[in-house]
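Here are my notes on this entry, as numbered points. Please read them beside the sequence and the model.

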Amino acid sequence: MGLIASMTGYGRAEARGARLAIVAEVRSLNHRFLEVSIKIPRSLASHEAELRQLVQGRLARGRVDLTVVARRVAGSAGVLRTDAALAAEYLRGARALAQALGLAMELPLADLLRLPGVVTVEEPEDHEEAECAVLVKDAAGQAVEELGRMRQAEGAALAADLGTHLTSLDTWAGGMERLLPAALARIQERLRARIRALLEEAPADPGRIAQEAAMLAARSDVAEELARLVSHCGQFRILLAGGGAVGRQLDFLAQEMHREVNTVASKADDGEMVARVLEARTVVERIREQVQNVE
């Protein structure tokens, strides 16, 4: 038996190397199609296409937001470089300016170190790029896998709940089928009484009255709608059992169920039948709401 998946979920993973740590977070929500949004630092922009393919290869539907963050591992700072010649030029320029303006010139070392270019950090980018590519793919892959597991777990809960609603709908249809003969008999009797009342002043053939009443009552026969509803429930169960990305098919069947129940409501001309339609409408509405979250 396959598994259906929910379209909502969350996954997070971290991949650490000697100098870098990559953290990936991915969230997904309901969406008619697969829409992928990726937020990634400019330094990692070259990996965006690969990450998009990763998500598209594992998910079929949903609004997916993938965020990737890179940070340097503690103790792996780059090489610190100081430019003494540039600092000396800054100092000479400051002294010359102070002399020209007749000011006392004191330039503390801390202020000198803050000037552009005096102190720089050189990072070994060449071998880090290869490490970064592996870490990005690893972190994103693990995050998407965790997301998939959460979506599957929620999908299992959805399938169980939908199965309960299908059983309720089957039970309701069976009860309506058993109720139908007596309900149609009551409808015919009311119609015969109505026709007789309309023809009180003129003689009428009792056989003709019965025939007309039967024809009118037949319009209230909902046996076909109930049979189609049961058939839809069966198809729904088959799709649930097969699993996979069946959300659109389930949504179509849920709409068909809704249509059949509405037709029963419009055709039913019996108080007991009408009273029971509300129950089915409630169940079908719950099914329609829940399939919106199925991948």
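**Notes on the helix packing and the cores**

1. Start with the α6 and α7 pair. Their axes come within 9 Å and cross at roughly 165°. Angles over 145 degrees count as roughly antiparallel, so α6 is roughly antiparallel to α7. The crossing of α6 and α7 is left-handed. Bear in mind that this is a predicted model.

2. Which residues of α6 and α7 meet? From α6 come Glu-225, Leu-226, Arg-228, Leu-229, His-232, Cys-233, Gln-235, Phe-236, Leu-239 and Leu-240. They face Gln-249, Leu-250, Leu-253, Glu-256, Met-257, Glu-260, Val-261, Thr-263, Val-264 and Lys-267 of α7. By class, the α6 contact with α7 has 11 nonpolar, 4 polar and 5 charged residues.

3. Now take α7 with α8. Helix α7 covers residues 247-267 and helix α8 covers residues 271-291. Their axes come within 9 Å, and the crossing angle is roughly 165°. That makes α7 roughly antiparallel to α8. Here, too, the handedness can be stated: α7 passes α8 in a left-handed crossing.

4. On the α7 side, the contact with α8 uses Gly-247, Leu-250, Asp-251, Ala-254, Met-257, His-258, Val-261, Asn-262, Val-264 and Ala-265. On the α8 side, Val-277, Ala-280, Arg-281, Val-284, Glu-285, Ile-287, Arg-288 and Val-291 take part. The contact of α7 with α8 divides into 11 nonpolar, 3 polar and 4 charged residues.

5. Next, the cores. In soluble globular proteins, nonpolar side chains tend to be buried together. The largest nonpolar core here has 35 residues. Leu-169, Trp-172, Phe-236, Met-257 and Ile-287 touch the most other members. At least two residues of this core come from each of α4 (125-198), α6 (223-242), α7 and α8. The most come from α4, which gives 11 residues.

6. What does Leu-169 touch, not counting residues up to four places away in sequence? The partners are Leu-229, Cys-233, Met-257, Ala-280, Val-283, Val-284 and Ile-287.

7. Is Ile-40 buried or exposed? Ile-40 is found in the loop between β3 (34-39) and α1 (48-58). Buried means under 20% relative accessible area. Ile-40 has 19% relative accessibility, so Ile-40 counts as buried. Leaving aside neighbours within four places in sequence, Ile-40 is in contact with Ala-45, His-47, Glu-48, Leu-51 and Val-68. One of these, Leu-51, is 11 residues from Ile-40 in sequence, with 10.0 Å between their C-alpha atoms.

8. Lys-137 sits in helix α4. Its relative accessible area is 53%, so Lys-137 is exposed. Lys-137 and Glu-50 are 87 residues apart along the chain, and their C-alpha atoms are separated by 8.2 Å.

9. Last, the whole chain. The chain has 8 helices and 6 strands. From the N terminus on, their order is β-β-β-α-β-β-α-α-β-α-α-α-α-α. The chain has 295 residues, and 35% of them count as buried. Of the contacts between residues at least 6 apart in sequence, 80% join residues at least 24 apart.

Terms used: Residues numbered from 1 in each chain as written. Predicted model: local features only at pLDDT ≥ 70, side-chain atom pairs only at ≥ 80, totals over all residues. Heavy atoms only, no water. Axes fitted to C-alpha atoms, helices over the stretch in contact; angles between N-to-C directions. Helix = DSSP H or I, 4+ residues; strand = E, 2+ residues; numbered from the N terminus. Parallel < 35°, antiparallel > 145°, perpendicular 65-115°, else oblique. Left-handed = near helix turned anticlockwise from the far one by under 90°. Contact = heavy atoms within 4.5 Å. Nonpolar A, V, L, I, M, F, W, Y, C, P; charged D, E, K, R; others polar. Core = buried A, V, L, I, M, F, W, Y, C linked by side-chain atoms within 4.5 Å. Buried < 20%, exposed > 50% of the residue type's maximum accessible area, 1.4 Å probe, protein only.
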